[in-house]
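This briefing covers one group of aromatic rings and the residues around it. The structure is shown first, and the notes follow by topic.

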Amino acid sequence: MSTNPAFKRLPRAVREQQMLDAAVKVFSRRGYHAASMDEIAEDAGISKPMVYAYLGPKEDLFVACLHRECTRMIEAIAGAAAPDLPPDERLWRGLRAFFGFVGAHRDGWSVLYRQTRGEPPFAGQLATMRARMVEVIAGMLDDALRAQGREVRETDLEVIAYALVGASESLADWLADNPTADPEKTATRMMNVAWLGAGQLIEGAVWRPADG
């Protein structure tokens, strides 16, 4: 009778996900520099050489965690915000999916947003994630404006989208620190801030300084 642990018979893809799950938790808890491969292997219930064999050294493992969490988040948002929906419904569903992801994957958000932001070698990953989200938000706003027979300069749309993404990131960071907070209510609050302002933009309202 074999005495090998059951995890050794798991398919490689399943095993890798177990390693990534453990790594995300440890990186979130310890930070990139303080996290150890020994602790990650222990949390995954496997040997440290197996982690190296499957996912490489700590830097490669951290990048693999970033890619997985970013892909999960973007897929959740894109899957929720179907292009055939009205613009406000697209934005609402996208926000709900985003905050739902953060609520369900607080460790993943911590790695994506906090750990990555503080580590120059990985900052490009955060910039790429933000750029993809800005592109989605700008597209939603552009669709809403065109539906009203209006057009806004691409630069203005990009600036508005960056502002909305930045506000959503800050609110998501608050959500990650407050386990009792409701992700859907948080999304509703952000939707009110975003869409009421965007609604005035769609109607053609523009604020200007008194001396402008």
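Tyr 32 and Phe 122 are both buried. The model is predicted. Tyr 32 and Phe 122 belong to a cluster, linked by ring pairs, that also takes in Phe 27 and Phe 62.

**Ring pairs**
- The count of aromatic pairs comes to 8.
- One of them is the stacked pair of Phe 27 and Tyr 32, with 6.0 Å from centre to centre and 25° between the planes.
- Tyr 32 also pairs with Phe 122: the centres are 5.1 Å apart and the planes stand at 70°, so this pair is edge-to-face, as planes over 60 degrees apart count as such.
- Tyr 32 lies in the loop between helix 1 (12–30) and helix 2 (37–44), and Phe 122 lies in the loop between helix 6 (106–117) and helix 7 (123–147), so their pair ties together parts that are 90 residues apart in sequence.

**Burial**
- Phe 27 has 0% relative accessibility and therefore counts as buried.
- Tyr 32 has a relative accessible area of 11%, and Gln 115 has one of 16%; each is buried because its value is under 20%.

**Other residues around the rings**
- Lys 58 places its charged end over the ring of Tyr 32, at 4.9 Å from the ring centre.
- Gln 115 is located in helix 6.

Conventions. Residues are numbered from 1 along each chain as its sequence is written. This is a predicted model: local features need pLDDT of at least 70, side-chain atom pairs count only at pLDDT 80 or more; totals for chains, interfaces and linings use all residues. Side-chain values use heavy atoms; hydrogens and water are left out. Rings of Phe, Tyr and Trp (its six-membered ring) pair if their centres lie within 6.5 Å; planes under 30 degrees apart count as stacked, over 60 as edge-to-face and the rest as tilted. Buried means under 20% relative accessible area, exposed over 50%, partly exposed in between (1.4 Å probe, protein chains only). Helices (H or I, at least four residues) and strands (E, at least two) are DSSP runs, numbered from the N terminus. A charge sits over a ring if NZ of Lys or CZ of Arg is within 6 Å of the ring centre and within 35 degrees of the ring normal.
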